[in-house]
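Look at the structure below and keep the sequence at hand.

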Amino acid sequence: MTNPQLQKIRSVEIDIFPFLIPSIKNILLKVDIEILDNLEEIRLRAKKPLMVFYKNADWFVTTSGKLSKDIKDAYVVMQQEILKTMELMSENSVYAYQDEIKSGYLTLRGGHRVGLCGKVIMLDGQIKNIKDFNGLNIRVAKEIRGCSNHLIKYITKGSFDIYNTLIIGPPQCGKTTILRDIARIVSNGDKNFDFTGIKTGIVDERSEIAACHKGIPQNDVGFRTDVMDGCPKTLGMEMLLRSMSPSVIMTDEIGTHGDKEAILKVLNSGVKIIASAHGYNISELKMREELLALIKSGAFERYIVLSSKNGPGTLEEVVNSQMSAVYKRCSA
Amino acid sequence: MIIKFLGAIALIGATSFIGYSLAADCSKRPKALRELQALLQMLENEISYLSNLLSEAFSRIYEGSNSETAILFSEAAKNLGTNGVTADAAWEEAVEENYTKLSLNKEDKAILMTFGKMLGNSDLEGQINNIKLISSQLKLQELKAEQMRLKNEKMYRSLGVLSGLSIAIILF
């Protein structure tokens with residue numbers, strides 16, 4: 001699939017509008033096409049103004065489809081509209097999406113994530129359902145191809161092998177986007193980097209890397225990639241190891257209890273790992289017990305620290321397992 | 001004389017035919033109600049064991065059944081295909097357009113409309129409860145319709161034959 005084609009398929013109108021209630025869809029249809037193509041979020045909250053997130057700022061949307069900073073002009077969303085939108089998003093089959101709703105989000109075709117808020121119903125200490133939705137956050141998925149080009153060379157070791165890598169970065173700096181792009185390159189292989197593709201397994205606990213819709217990855221994560229969707233990391237890694245014979249396993253946001261054992265098990269089986277973790281720098285990671293143990297055990301051969309100083313995905317430094325810098329950004 | 005005689009026979013035949021066809025109509029409604037219950041049972045299977053999406057479940061029911069009432073499901077599935085239509089609107093439209101064709105009355109229609117309100121917008125448990133509730137209501141309607149049928153069927157038939165006879169006698 002070529003890039004322009006992908007862009008077309010992922011457009012807001014085609015993927016998201018069919019699932020909006022007509023009253024809101026008609027307003028958004030009046031919004032300038034240039035803005036629509038660059039929307040980051042569409043927010044519906046009960047009895048609150050209709051808002052969109054565009055170019056790092058939030059805007060009210062008026063009835064005539066203009067973006068405004070004045071709350072007086074804003075179109076006010078009713079709860080009924082949210083409920084109906086939810087019905088449309090679940091393709092009129094809320095029962096079939098029960099598990100996803102329970103975990104607080106839906107994934108639309110095209111990989112767009114819809115966050116849900118509402119009244120949570122508990123049963124025996126577990127979330128049974130969410131009802132009376134009061135807020136929807138439609139996050140327009142953006143797959144940025146080539147966003148990891150500048151750091152692939154720090155990950156690959158020859159044409160067939162890679163380093164065990166930990167990608168570190170604060171929220172919103174593009175960790176997941178970069179991880180996804182790395183998955184695509186590692187899996188497909190890329191002549192530009194003189195790398196031959198290897199078998200890749202992804203444990204996508206929050207369905208953010210591959211963004212599966214009914215089991216089918218909506219993002220391009222490569223053709224040698226197997227995705228275990230919505231599966232807890234520790235269990236997923238073991239399942240992949242046992243059955244899919246991957247050469248590398250990728251997973252998002254490690255650092256919770258049990259991750260260390262799972263990752264060491266992966267490494268002991270001779271399988272490589274690429275993972276990401278929240279944090280601003282390596283010394284911050286060492287404060288966290290689970291990660292400190294992993295760092296000490298020398299599990300990772302490359303630490304890649306990201307920031308959003310020069311826009312999302314800025315490469316701060318690359319460090320090897322002996323903690324000596326392979327690359328450091330000049331702060332000038 | 002022969003012409004008169006033939007005319008009388010034709011007259012009696014015609015009124016009897018009307019009577020019998022009215023009687024046949026009486027059995028249409030209980031039949032439709034019975035079929036609906038069976039189809040709802042299929043819907044329950046579709047969504048609880050197969051976890052199919054509503055539009056898919058509807059089309060499968062329509063394809064898997066050759067009863068007349070399945071048209072409700074095919075119409076609703078068709079309506080669901082249009083953008084921005086929720087399940088309740090799709091179902092209501094299908095019921096509104098077809099209930100007279102299926103010889104259902106206003107009461108039956110109201111029950112089917114209530115069914116639409118809950119359609120697809122709750123969890124599995126809610127859906128199954130909704131289907132069970134509507135099924136039991138349809139069952140009651142069916143019993144009532146059956147009694148009506150027994151009463152009216154005989155009446156229409158004899159009325160058809162007898163009215164033909166009496167007109168013939170008067171005209172002779």
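Is B:Arg29 buried or exposed? In this predicted model, B:Arg29 has a relative accessible area of 11%, so it counts as buried. Its partner is B:Asp108: the two side chains meet in a salt bridge, with N and O 2.7 Å apart. B:Asp108 lies in helix 5 of chain B and B:Arg29 in helix 1, so the pair ties together parts that are 79 residues apart in sequence. B:Asp108 is also buried, because its relative accessibility is 0%.

Side chains of opposite charge can pair when their charged atoms come close. Over all chains, a search of the whole structure finds 30 salt bridges. In chain A, A:Arg184 and A:Asp181 form one of them, at 2.9 Å from N to O. Both residues sit in helix 8 of chain A, three residues apart, which is about one turn of the helix, and both are buried. In chain B, a network of salt bridges links B:Arg34, B:Lys139, B:Glu142, B:Glu146, B:Arg149, B:Glu153 and B:Arg157.

Now turn to the place where the chains meet. There, 19 residues of chain B are in contact with 19 residues of chain A. The area buried between the two chains is about 1500 Å², and carbon and sulfur atoms give 53% of it. Two salt bridges are counted between chain B and chain A. A:Lys128 forms a salt bridge with B:Glu125, the closest N and O atoms being 3.7 Å apart. The interface also holds eight residue pairs in polar contact. On the side of chain B that touches chain A, helix 4 and helix 6 of chain B each supply at least two residues. The largest share, three residues, comes from helix 6. By class, this side has seven nonpolar, nine polar and three charged residues.

Notes. Residues numbered from 1 in each chain as written. Chains lettered and ligands numbered in written order. Predicted model: local features only at pLDDT ≥ 70, side-chain atom pairs only at ≥ 80, totals over all residues. Heavy atoms only, no water. Contact = heavy atoms within 4.5 Å. Buried area = accessible area lost by both parts, 1.4 Å probe. Salt bridge = Lys/Arg side-chain N within 4 Å of Asp/Glu carboxyl O. Polar contact = N/O pair within 3.5 Å; in protein donor to acceptor, adjacent residues only side chain to side chain. Helix = DSSP H or I, 4+ residues; strand = E, 2+ residues; numbered from the N terminus. Nonpolar A, V, L, I, M, F, W, Y, C, P; charged D, E, K, R; others polar. Buried < 20%, exposed > 50% of the residue type's maximum accessible area, 1.4 Å probe, protein only.
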